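Here is a short report for a first look. It moves from definitions to chains, then to one pair of helices.

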Amino acid sequence: MACIPGMGETVMVMKLLKKESENELLVERIMYTKHYRLVLQKNWCIGCEICGIVCPREAIETVKPVKVEGENLNPPSITVDENKCSFCGICTAICPFGAFTLTVNGENVIPVVEKESFPKVIHDITVDETKCPVDCIECQDACPFELIKVSADKTTGTVKVEVDEEHCPGCRLCEVKCPYNAVTVRKIVSGFIKINTDKCPEGCRDCVDVCPIPGVLNVSDDGKVEVDDFCCIYCGVCRIVCPVEEAIQLDRSSVLHTPVRSGAWNKALEKLTSTKGVTKELRSKLTAKVRETVRRRVG
Amino acid sequence: MSQGPRIGVFVCHCGLNIAGVVDVEAVTEYARTLPDVVYAVHNRYTCSDPGQEEIRKAIKEHNLNRVVVAACSPRMHEFTFRRTVSEAGLNPYLFEMANIREHCSWCHPSTPEAATEKAKDIVKMAVAKARLLGPLEPIEVPVTNKALVLGGGIAGINAALDLAEMGFKVYMVEKKESIGGHMAQLDKTFPTLDCSICIEGPKMVDVSRHPNIEIFSFTDVLSVEGFVGNFKVKLRKNARYVIEENCTGCGECRDVCPIEYPNEWDMNMGVRKAISVPFDQAVPLIYRINKDYCIECYKCVDACGDRQAIDFSREPEEVELEVGTIIVTTGYDIYLPEEGNVYGYGKYSNVITSLEFERLILAAGPTGGHVIRASDGKRPKVVAFIQCVGSRDINKYPYCSGFCCMYTLKHAIQLKEHYGQDVEVYIFYMDVRSNFKGYEEFYMRAREMGVNFVRGRVSRILEVPENKNLIIRAEDTLLGEPIELEAEMVVLATAAKACDDAAEVSRILNITRGTDGFFMESHPKLKPIDTPVDGIFLAGACQGPKDIPYSVSQGSGAAARAATILSKPSVKIEPIVSVVDPEKCRNTRVKCGICARKCPYGAIRAEPGKPAEVIAAMCHGCGTCVAECPADAITQMHFTDAQVFAQIEAALENNPEDKIMGFCCNWCSYAGADLAGTSRFEYPPNLRVVRVMCSGRVDRDFVLEAFRKGAGMVLIGACHLPYDCHYIDGNWKMKARMEALAKMLEKLGLTPDRFRVEYISAAEGVKFAEVIRDMAAKMKEIGKERIKAENAKLKPFIDRMFARKGR
C-alpha cells in the first residue's frame, strides 16, 4: 500500500513493489487490471548516469561503489524508486546498453516511443561480410560485451557475422580491430572527454577500473591516466567514481536517435548534452525541414 | 431610565427535567428575597405559549423592566425569550437567562439539595447581572445576496440549484476536478436500482448551465472572513495547465498522451492519462495536466492545435468572493483498513472495499463491469461481504455509518441478477439496518434471491496461497458456534469517516466538529442544518454519514435556511460590540494602541493622539480588547466589567471557599458544559459559571476578584488551541495573559492547582465533567483552611491593585 503524490491519503494503489536479485532489479505497479513491470538486467547495466539524467521523475539514482583498499573499483549501480516511477519507458528508450525492459500486462512496450513522444537511440553496426575471410574472428574477440558471433561456412567460403545490436553501445572497438575494414559503427553518443591529470590524486586509477570499454582509459608509463577517445561512449562512469571534482571533463554533444519532435526529448537532450547541443539539433532539424519543403516544391 | 430596576423572575419546571431535582418553589421563594426582584413565579413550561404569555402579562401588570428566566441554556432559548419580552414592549437586551437545567438539574440528579442551592446561586447571579443590564439596539448590516456552496456532491448540487432557482447568485467550490461527489462514482442506487450517474449527470449539467451558478472546480478555499450576510472568501484555483475557455473537452490530447497514472476516481483500480478528465461525464468537462506525472513531451499541444487550450505556464490563481451565506457540503471519505488489519486488506489481492467493488460492477469502470478477481482475472463464484468494518467499533469509529447495510444488499442483489445461480453470496452482518421507505422490502428481496446472511463478526481472514481464495473465520451468533467459509472474493463495507480536510475546513470557517470528526450542528433536533456560526449551514454527509435521499433533502433544506438570510436586504447582528470611553483611553496621551493590535478582526482604529475607535460593523463581540485594555477604557456591551463583577460577587457571597468560579466561553466550554448536562454526566455541584463570549474576554481582574471574594478554585474554559477559537485567536491572547497571572499568583502563595485554564470543545461533555470532578477533589484535598489562609494573604495585594485602578 502506498500513496501517490498529488492525491489524498485515502485511496490506495493496489501494489507498488520493488524486488532486487543478483541479476535483476524489478519495479512493479500492480493494479486491478494493469500490471506494469520495469526490469533492469544487471548484466547489461554498467552503472552509468544516462538513465538517471533523463528520467523525468528523478526516480533513478546512481549509487557510487564502495572502495575496498587493494582491489579494483567496482562500477556504480542503479536503483529505481518505485514510488516515483511512472512507467513511461524513457529509461528503456535511452539506455545505450538496452538494459531496461518495460512490460504492461506481459507485453513489451515503451509508451513514450509508441506515442512518438520520445525517440529510441539508434544502434547502427553494419558488417560487409563479403570482405570477411573465413578464419577471422577479430571483431568477435574485440567486442567487450560479447555481442558479436562470427560463423563461417568453410565449404562455400561465406562468413556470417551476427551482432546483437540492441545491447551494443557503439564503442567501435570492432571497427578499429577489423583488419579488413569490413565493420562500420555509428557512435550513439558523441562528445568530448579530457582528463586533467594535474588534479588526479596520487596513484588513483578508479576511472580506469570502471571504464567499460577497454583501451579508452590507460595508465601511461609516468603513472598518469591517458584518454583515447575514439572508442569512448561518453557514458560518464569515470566521472561518477572520480574522487576529485573537475578532474574529468566530459561533454556530450549529440545523441543518435530516431526522428521525433518532442519537448520531452529536447529536455532530455539538454540535460544530457547542453543547451548548445539542443540548439544545434533543433537547427539541423529546421534545416532538414526547410530542405524537405524546398524539395517538395521543386519536385 | 428614570425608574430603578424592577425584575421579574420566572422559574421553569421543564416538566420534571428541572423540577425533578431542583426544588423550584424554594428557588422562586428565594428569588423574591433578592434585591430589585418585584415578582417571581414558577411555571411548568416557561417556553410554551402560556408560559411566554405569562411573562408578557407580568411585564405589563407589574411594570417589570428586567426579566430573568431560570430554565435551560441560553444557547437553547435565549433568543425565544428575548422575542417574548420585546413583544411586551421591553428591550430584548433587558433579559437574562439562568441556566438551571444543563448546568444544574441534569448534572446533579443525586444531590437535589445541593442542586437547589446551586440553582439559587445561578438565579442570584442572573439577577445581579440583570440589575445592571441596559437597553441595546441591534446593529443592522446589509446582506450580500449571493451564496457559496462548498462541495459539489449531491447535497451541494441540490442546495445550489434550489438557491439559483430562487434567483440568488451561487458560487460552487469543488476541491476535485469534477463536481458530482461520491454519488458519481457509484453504479446503481438502492432501493430502486437506478443508475447513479444517469440520475445525477443531468443535475450536474444543470449546475454548469444555470445562469445563476458559477462553478470553481479544482479549487481550494484559503480563508473566510466576515460575518453573516457579509463573508469574504478567498479561493485558489489550482492550475490545470489547460485554458478553461479554450478546452472543448474533445479528448484528442488524451489520446496522444503517453503517460498513465492511477486514477483516484477509480479507487486507483484503473488508470488515467497525464492529461485527462477523471471520468467521461465530468462537469466541467475541462482537461487537466497532472504535472506530477507529465513529461512535457508537448504531444498534447500538437494535438490541441489551433484550439490552443494548453498552457504550461499557468499559475494557481487567487479569487476573492463576497457572499452572504455559506453552505458546507464537503461530504465524507471512505475508511481504508490500515496495515496489519484482520481482514487482510492491502495484503491479499482479493480483499477489496465496497467502493472498489462499486467501480468493478460499473460498466464504465476499469473492468468494463465484470466482477473479476485481481489475482487471476477470473470471476469469483463465492463472494462474501463483511459489514461494519471500522464502523460500530469502539476501537475505530463507534458510530454506525448508516448506508453500508443498504449498499451491501444492493451489491448482493446485483451479483445475483448478473450471475444468478452461478454465484454464492454471503453477508456477515451485526444487524441489518434497513429503515426508511422501501428499504426493508429491498432487504426481503435479497433474502428471496437466495443471499446467505450470517450474523456475526469476522475475527480473521486468511489467504489460501495456492488459489488466493480466502478463509473467513467468524462466529455465527445465531447458531452460537464458530464457522469457517472459503470465499473467492471478500468485500469490506468500510466506515464512512469525516473527510480528511474537515479539520482544515473547520478552522477556516470556525465551525465545530464532534468527537466523530463530522461537523456539529447547532442543535441535534431543531437546528440540524445550522452551525453555531450565523449564516453558515451544513448539508449532507459532512455532518454525519447520509444516503442520497437524506443528502438531497438536506441540500434543499440548507438552501431554504440560506434563503431566509439572502432574501432580506439587511440582517440584524447582536449589538454586543465593544465601545471605547474616549475620556479614559490612554491613546490620547501615550502611544498605546494595544486594543488595535489585539483585535483579531482589525475592527479598532487607534490613530496617534486620538482615542481608539471601534468600527461596530466589523466588531464580532469577543471582548478581547476589553480584557487587554490597560486603562479599562473599553466596555463590551451586555458583558460589561460591572456585570461580570456583580455575577462574581453574587456567586461567592456564601461559602466561597467551597466554590469553583468558572469563566466559560460561549462556543466551546460553555457548550461543553451544556453537553455534559444533556448527556447527564454527573459532577460535583461546586461550580458557578459566568458565560463570556470568548475566553479572550476574561480579564485578569475577574480572576483576582474571584480570589479576593474568597473563591476556592478558578477555572477558565476555552476553545482548543491552536485553531478552534470562534474569534480566531482569543484563546491565545487569554493564554498569554493567564500564564503571566498564574506565575504572579503562585509567587503570592496560591497553590497552582487552584487556578486552572482548560481547553474543552463543544463536543467534550465528558471532559468537562472530568475536569470539574478533578477540581472538586483537589479542592477538598487542599482544604478549606488552607484556601482561606491563602486568600487572606492574597487579599491585601489585590485590594491595593484595585485601589490603584479605582475599582
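## Terms and model

Axes are lines fitted to C-alpha atoms, for helices over the stretch in contact, and angles run from 0 to 180 degrees between N-to-C directions. Helices (H or I, at least four residues) and strands (E, at least two) are DSSP runs, numbered from the N terminus.

The model is predicted: local features need pLDDT of at least 70, side-chain atom pairs count only at pLDDT 80 or more, and totals for chains, interfaces and linings use all residues. Residues are numbered from 1 along each chain as its sequence is written, while chains are lettered from A and ligands numbered from 1 in the order in which they are written.

## Two helices in chain A

Helix H8 (residues 263-272) of chain A meets helix H9 (residues 275-298) of chain A. Their axes come within 7 Å and cross at roughly 135°.

On the H8(A) side, the contact uses A:Asn266, A:Leu269 and A:Glu270. Contact means C-beta atoms, placed from the backbone, within 7 Å.

## Domains of chain A

Chain A has domain 1 (15-114), domain 2 (124-186) and domain 3 (261-299). These bounds come from an automatic or database domain assignment. The centres of domain 2 and domain 3 of chain A, taken over C-alpha atoms, are 33 Å apart.

## Chain B

Chain B holds 22 helices and 38 strands. Its C-alpha trace spans about 85 × 70 × 55 Å along the principal axes.

Conventions
Two residues are in contact if their C-beta atoms, placed from the backbone, lie within 7 Å.
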